[in-house]
Amino acid sequence: MRPDVAFALPALAGGGVERVYLDLARAMVKEGLRVDFVLAKAEGPLVAQLPEEVRLLDLNVPRRLRLLRAYTPLRNYLAQARPRVVLPVWGYLDWIPLQAAWQTGTPFIWVLHNPPAYLNDVPNPFKRRTALWIARQALRRAVGHPLGRVGAVSRGVARAFARFAGVSEEAIRVLPNPLDVDRVRRLAQESVPLPGVPYFLALGRLHPQKGYPFLLEAFSILAKRHSDVRLLVLGEGPERPRLEDLARTLGLTDRVAFLGFMVNPYPYLRGAKALVMASLYEGLPTVVLEALALRVPVVATEAEGGLLEALGDGRFGIVTPRSPQALAHAMERVLSDGFAWDETALKDHLNQHSPEAALRSYMSVLEEIWR
């Protein structure tokens with residue numbers, strides 16, 4: 001049977017984007033839509049969380065040059081299955097599934113999950129320049145394409161990409177990430193071993209984007225003033241050895257615990273004094289919304305993209321200048337005084353990101369495409 005929506009991803013790793021699309025898929029299934037997940041390789045810790053109503057397509061592409069080599073099998077899938085719309089999520093190579101969609105005449109929604117600063121993380125200078133050029137050209141073509149729409153997870157991301165590509169900001173629709181508050185709260189009740197002392201939590205992949213060296217420097221300032229406080233870091237990634245070395249250099253070996261990736265991080269989040277972030281950029285950090293759902297304060301440094309929007313333009317958290325001293329001071333403030341918010345305003349803010357609200361945003365775009 002012809003699928004209504006096909007999500008095209010490299011795999012189902014443990015990142016925020018993958019979690020977002022799993023939540024969106026659950027909402028779509030409840031709405032009666034037929035949903036496919038098309039993966040370059042059916043691997044990753046979140047594969048087990050696919051709803052049983054969702055059909056999984058494994059393109060089984062070998063690891064070497066996987067994203068490039070996935071083009072032909074993805075194009076073949078689109079030509080044969082003829083989904084009514086495809087949502088590609090391919091990192092800095094989104095143009096690969098977009099080309100497959102354009103070649104097969106498949107309608108698409110291309111959602112931008114980070115500001116264009118993420119393209120600067122491509123390590124090879126030639127590949128970085130190529131990625132920047134391709135992204136600019138792909139966006140210019142996509143915003144005027146008759147078969148699709150371009151979206152962004154926050155107005156900040158839409159604004160940054162509009163400037164980057166020289167397109168109208170109004171041509172990029174804001175499609176907010178869904179947040180299943182009840183599910184987060186239910187999972188947060190799981191029993192896990194927690195420190196018997198106050199702790200802050202950092203949650204996310206160990207990648208330069210997340211600013212962990214900066215965060216460790218700020219925590220080292222706090223740790224000198226408070227002997228009992230700890231920092232838990234949940235996440236995995238290529239930066240782990242360097243970050244562990246830095247923690248040793250700063251004398252934080254007994255104060256910082258790198259716990260790796262957790263399929264269910266919410267019990268750790270629920271018990272934290274605050275979620276702390278030092279990212280250079282964020283699209284719309286779902287973990288911030290999850291912390292607010294658990295009534296956990298958020299302390300963060302200024303970042304390009306949608307961080308402020310996730311915090312209700314700063315009403316529901318503390319956002320500091322990008323200074324280790326300022327971040328340490330904000331952490332100390334929460335440690336001693338906590339953080340107060342307007343409960344009614346916070347509920348309204350979270351309701352704007354409910355699966356139902358997110359689905360309404362997507363459905364309005366899908367109905368335009370399917371008209």
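This is a predicted model: local features need pLDDT of at least 70, side-chain atom pairs count only at pLDDT 80 or more; totals for chains, interfaces and linings use all residues.
View 1. In helix 9, which spans residues 240–249, the buried residues are Arg240, Leu243 and Ala247. Because these residues cover an arc of only 65 degrees around the axis, they lie on the same side of helix 9. After helix 9 comes Gly251, a residue whose phi is positive, near 75 degrees.

**View 2. Strand 10 and its pairing with strand 9.** Strand 10 pairs with strand 9 (residues 230–234) in the parallel sense, and the pairing runs over four bridges. Within this pairing, Gly260 of strand 10 is the bridge partner of Leu234.

**View 3. The crossing of helix 1 and helix 15.** The axes of helix 1 (residues 16–30) and helix 15 (residues 355–370) come within 10 Å and cross at roughly 75 degrees. Since angles of 65 to 115 degrees count as roughly perpendicular, helix 1 is therefore roughly perpendicular to helix 15. Helix 1 contributes Tyr21, Leu24, Ala27 and Met28 to the contact, while helix 15 contributes Pro355, Leu359, Tyr362 and Leu366. Of the residues in this contact of helix 1 with helix 15, eight are nonpolar, none is polar and none is charged.

Definitions and conventions
Residues are numbered from 1 along each chain as its sequence is written. Side-chain values use heavy atoms; hydrogens and water are left out. Buried means under 20% relative accessible area, exposed over 50%, partly exposed in between (1.4 Å probe, protein chains only). Helices (H or I, at least four residues) and strands (E, at least two) are DSSP runs, numbered from the N terminus. The arc is that of the directions from the helix axis to the C-beta atoms. Axes are lines fitted to C-alpha atoms, for helices over the stretch in contact, and angles run from 0 to 180 degrees between N-to-C directions. Angles under 35 degrees count as roughly parallel, over 145 as roughly antiparallel, 65 to 115 as roughly perpendicular and the rest as oblique. Contact means heavy atoms within 4.5 Å. Ala, Val, Leu, Ile, Met, Phe, Trp, Tyr, Cys and Pro count as nonpolar, Asp, Glu, Lys and Arg as charged, and the others, Gly among them, as polar. Two strands pair if DSSP finds at least two bridges between them.
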